[in-house]
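Morning, everyone. Please bring it up on your screens.

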Amino acid sequence: MTEPVSYDTRDGVAILRIQNPPVNALSQAVRQGLSDAMDRAEADEAVKAVVIVGDGRAFIAGADISEFGKPPQEPFLPDLCTRIESSPKIVVASMHGVSLGGGLEVALGCHYRVAQPDARVGLPEVHLGILPGAGGTQRLPRLTGAEKAVEAITTGRHINAAEALELGLIDRIEEGDPQEVGVAYAMDLVSEGAARRPVSEMPAPAPMDWDATYDAVLKKGRGQISPATAVRAVQAASELPFDQGMKRERELFTELMDTDQRKGLIHAFFNERAVSNLPELKGVDPRPVQSIGVIGGGTMGAGIATAALLTGLNVVLIEMSDKAADAARERIAGNLAGALKRGKITQEKHDAMLTIALEISQNYDSLQDVDLVIEAVFEEMSVKKEVFGKLDAVCKPGCILASNTSYLDVNEIAASTLRPADVIGLHFFSPAHVMKLLEVVVADETAPDVVATGFALGKRLGKVSVRAGVCDGFIGNRILAVYRTAADHMVLDGASPYQIDKALVDFGFAMGPFAVGDLAGLDIGWATRKRKAPHRHPEERVPTYIDRLCEQGHFGQKTGEGYYIYEKGKRGGTPNPKVTKLIEEERADRGITPRDFTDEEIVRRYMCAMVNEAAKVVGEGIAKRPLDVDMVLLFGYGFPRYWGGPMKWADIQGLPNVLADIENYAKKDAWFWQPAPLLKELVADGRNFDDLNRAGSK
Ligand code: HSC
């Protein structure tokens with residue numbers, strides 16, 4: 001078995017090599033290995049200096065996140081960093097790949113730091129709901145000054161080697177084998193007679209306006225507390241001697257470690273990765289994809305084509321007329337211009353994408369050689385069937401036929417072809433070159449290698465891909481329809497759309513449901529209500545006040561008026577008094593006496609509706625695991641990441657409490673609040689959603 005830290009000596013330099021793939025996380029075994037190796041180097045008189053280097057693709061990616069929430073085991077990381085720093089021999093960190101969190105803290109405990117030109121460093125702990133807890137908040141500001149340290153720690157961003165050098169975080173940039181580079185640097189230092197250089201002994205950073213900084217960071221965090229708490233830790237570096245600063249850092253770290261936000265963010269970290277790891281796809285090879293077809297060059301089709309071009313795929317886009325083809329090219333060119341402006345692609349690549357990699361055609365025969373086609377045409381079954389019939393006729397055998405439908409039956413679409421095993425749903429979210437979520441919709445006859453190809457394509461496009469079964473709305477839109485209805489019910493019963501939006505933004509959502517409605521276009525919901533009206537259950541409560549606004553031609557942001565009124569050049573809108581009046585009229589018509597809602601009740605009802613429908617989605621197998629729902633809501637619906645997703649939120653509240661609330665709400669509206677059988681079953685068994693995640697990920 002490979003040792004977590006290997007020990008070697010050369011020319012008076014001890015080489016401590018961390019070997020903990022894939023990213024050299026600082027597990028207990030690595031910490032112990034480093035501590036033992038430091039003892040050994042110090043005991044060896046021939047050793048004049050020590051080099052710490054990482055094996056594989058990174059120096060160190062940080063503390064081992066999988067140990068969080070378990071009792072900490074010695075040696076503790078802060079003590080290890082101090083132990084390295086207090087060594088009488090010169091210690092050099094030779095950094096390549098990433099040095100993140102505890103990884104950078106170990107490097108800051110060393111006396112000198114050298115990095116490869118493409119190395120990146122950072123303290124991203126706030127994204128896990130904690131703060132740097134091994135001296136990062138105390139040592140970093142001693143090198144960079146308080147202001148830059150606050151910026152780096154509260155954003156958690158990755159800093160490239162050139163900037164790290166400028167900030168004083170590293171001493172040198174040197175290209176080569178990291179071990180050789182580290183040894184050469186250590187030998188130079190020894191031969192120059194360089195002194196040890198403990199960062200903890202450097203002067204404390206000058207103060208800044210701590211309260212103002214704390215308030216600004218808290219506001220920017222939109223409910224997330226770790227970045228603001230980190231400001232207080234940097235403040236301690238400025239105001240207290242190093243040892244006391246370390247104590248303060250530990251107190252604040254421990255406080256954050258106990259929060260629900262830490263649990264939610266770590267759930268998000270691991271499941272963002274686990275979600276695309278399907279047990280059913282183990283050993284299934286995806287089909288090769290070099291070129292794709294896109295049918296339709298509207299906002300969605302153009303976004304999908306852009307995403308594909310940006311990852312080096314060739315794209316054939318089909319449009320119906322010269323005019324539509326020109327408009328599609330313009331949309332794609334606009335998207336690519338954005339990527340060029342942000343430095344994501346070079347001018348040369350940009351030009352090649354538009355001229356060589358992209359073909360826009362009005363002839364389906366142009367799709368003869370593509371490996372996969374994504375249809376993004378009008379959401380109407382007859383239109384989809386016609387397109388799939390044409391695709392079936394022209395596409396080569398083995399070509400995958402995908403629909404970007406957001407709610408139509410993919411089984412029915414598949415049945416309109418002679419190759420249902422090659423048909424799949426690939427549901428992108430608009431704008432498709434920006435939004436991270438991809439629902440991979442698996443129909444009854446979809447072949448496993450077609451599913452694997454959907455996931456491989458999602459990975460290539462940088463998406464978080466989630467497996468979904470076939471139903472109206474799949475995972476995300478099906479759940480959205482229900483929690484949106486819960487919000488509508490609260491409006492009928494007395495809450496205002498504006499109070500609801502505010503309560504949910506305060507909870508952490510990017511936007512409230514009514515502001516989202518204005519953004520998406522109120523005509524969409526209006527059309528859906530009309531479509532569903534003939535099949536509506538008599539007990540279903542559907543408000544129609546907003547239809548009156550639609551009848552007057554007001555569809556939200558695009559017409560300047562919806563739930564809110566939008567003024568040109570101004571961000572956001574102001575409440576629309578017409579809407580308030582229409583709501584009052586509808587309540588009067590229905591004989592409803594409005595009542596007050598607290599913000600807590602609003603959030604609770606909205607969340608319970610979401611969790612209940614999500615439990616039905618999991619119970620019916622539309623989502624295989626609760627974590628799949630969590631990732632859909634996080635990456636497609638603006639759900640606050642620090643809650644981990646609705647299922648994690650429910651686990652944190654306690655499923656018996658969530659079920660009790662649903663049953664209580666059901667006393668007034670039993671039709672809407674029918675508890676999910678899975679929720680009842682879990683409560684009866686004393687289990688929760690995370691138990692299902694563990695069982696379903698094996
Ligand atoms: C920290 O360091 C806290 C300290 O400040 C203080 C601690 C003090 C304690 C005091 C106690 C008294 N741990 O992302 P990928 C896994 S907090 C465990 O797919 P990439 C990952 O799950 C930490 N596992 O690859 C995945 O596993 P899978 C601060 C970790 O190349 C595999 O590695 N550091 C891990 O796209 C590959 O990862 C961070 O927040 C970790 N630290 O990206 C860095 N890091 O294959 C978090 C990764 O089974 N990590 N894994 O799915 C990252 O940002 C990215 O993973 C990288 C690699 C950029 C490292």
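Start with the layout. The domain assignment gives domain 1 (5-258), domain 2 (289-468) and domain 3 (476-696). Keep in mind that this is a predicted model.

Look at domains 2 and 3. Their C-alpha centres lie 30 Å apart. Twelve residues from domain 2 and twelve residues from domain 3 take part in the contact.

The largest nonpolar core has 105 residues. Which of them touch the most other members? They are Leu367, Ile475, Val629 and Phe689. Helix 24, residues 599-619, gives the most to this core: twelve residues. Domain 2 (289-468) and domain 3 (476-696) each supply at least three residues to it.

Leaving aside neighbours within four places in sequence, Ile475 is in contact with Val466, Arg467 and Ala468, among others. Val617, Ile622 and Val629 are also among its contacts.

Next, Ala37, in helix 1, residues 28-43. Is Ala37 buried or exposed? Its relative accessibility is 4%, so Ala37 counts as buried. Not counting residues up to four places away in sequence, Ala37 touches Val5, Tyr7 and Leu16. Ala37 and Arg17 are 20 residues apart in sequence, and their C-alpha atoms are 9.6 Å apart in space.

Out to the surface. Met511, Val516 and Leu519 form a nonpolar patch there, with about 230 Å² of accessible area together. Val516 sits in helix 20, residues 513-520. At 36% relative accessibility, Val516 counts as partly exposed.

Last topic: charges. The structure holds 44 salt bridges. One of them joins Arg641 and Glu272, with the closest N and O atoms 2.9 Å apart. Arg641 lies in the loop between helix 25 (626-636) and helix 26 (646-653), and Glu272 lies in helix 11 (residues 260-274), so this pair ties together parts that are 369 residues apart in sequence. Arg641 is partly exposed, at 30% relative accessibility. Glu272 is partly exposed too, at 22%.

Here is a local pair. Glu551 forms a salt bridge with Arg548, at 3.1 Å between the closest N and O atoms. Because they are three residues apart in helix 22 (residues 545-551), about one helical turn separates them.

Asp685 and Arg687 also meet through their side chains, at 3.7 Å, N to O. And Asp39, Glu42 and Arg83 are linked in a network of salt bridges.

That's the tour. Over to you.

Notes. Residues numbered from 1 in each chain as written. Predicted model: local features only at pLDDT ≥ 70, side-chain atom pairs only at ≥ 80, totals over all residues. Heavy atoms only, no water. Core = buried A, V, L, I, M, F, W, Y, C linked by side-chain atoms within 4.5 Å. Buried < 20%, exposed > 50% of the residue type's maximum accessible area, 1.4 Å probe, protein only. Helix = DSSP H or I, 4+ residues; strand = E, 2+ residues; numbered from the N terminus. Domains from an automatic or database assignment. Contact = heavy atoms within 4.5 Å. Patch = residues over 30% accessible without salt bridge, like charges linked within 9 Å, V, L, I, M, F, W, Y side chains within 5 Å. Areas by Shrake-Rupley, 256 points an atom, 1.4 Å probe, with all protein chains shown as cover. Salt bridge = Lys/Arg side-chain N within 4 Å of Asp/Glu carboxyl O.
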